[in-house]
Amino acid sequence: MAIFSKTTDDIQDDVEAQIAALRKEVSKLTANLADMGGEKLDDVKRVASNQVRYAADAAKENPLATLAIVAGAALLIGLVSRR
């Protein structure tokens, strides 16, 4: 019986060591994914900011066209929401 219990203890120790190593790897992967997500979020914010700036500049350059587009969009939204 001593042989089997020693083997069981060795297996249990190995499994625990592997679980600890897996936990370490998962935490590294989680940190890497968080970094990648943060970078992507920064990219999206930068692009959105540029688009807002572009739209504001276009609206300043063409106020009548902007007014017509906004009025048309409001009309369409009003017609769609009425149904």
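The protein carries 11 positive and 12 negative side chains, and the centres of the two sets lie 14 Å apart. Here Lys and Arg count as positive and Asp and Glu as negative, with His and the chain ends not counted; each charge is placed at NZ of Lys, CZ of Arg, CG of Asp or CD of Glu. Keep in mind that this is a predicted model, where local features need pLDDT of at least 70, side-chain atom pairs count only at pLDDT 80 or more, and totals for chains, interfaces and linings use all residues. Residues are numbered from 1 along each chain as its sequence is written, and side-chain values use heavy atoms, with hydrogens and water left out.

Now for the overall shape. The secondary structure comes to two helices and zero strands (DSSP runs numbered from the N terminus, H or I of at least four residues for helices, E of at least two for strands). The C-alpha trace spans about 90 × 35 × 5 Å along its principal axes. Its radius of gyration is 30 Å, while a compact globule of 83 residues would have one near 12 Å; that radius is taken over C-alpha atoms, and the globule rule is 2.2 Å times the number of residues to the power 0.38.

What share of the 83 residues counts as buried? The figure is 0%, with buried meaning under 20% relative accessible area, exposed over 50%, and partly exposed in between (1.4 Å probe, protein chains only). The accessible surface comes to about 7700 Å², and 66% of that belongs to carbon and sulfur atoms; areas come from the Shrake-Rupley method with a 1.4 Å probe, and for residues only the protein chains shown count as cover.

Back to the charges. Side chains of opposite charge can pair when their charged atoms come close. The count comes to two salt bridges, each a side-chain nitrogen of Lys or Arg within 4 Å of a carboxyl oxygen of Asp or Glu. Lysine 28 pairs with glutamate 25, their closest N and O atoms 3.9 Å apart. Aspartate 43 pairs with arginine 46, this time at 3.2 Å. Lysine 28 and glutamate 25 are three residues apart in helix α1, so about one helical turn separates them, and about one turn likewise separates aspartate 43 and arginine 46, three residues apart in helix α1.

From valine 44 to lysine 60 is 16 residues in sequence and 24 Å in space, C-alpha to C-alpha.
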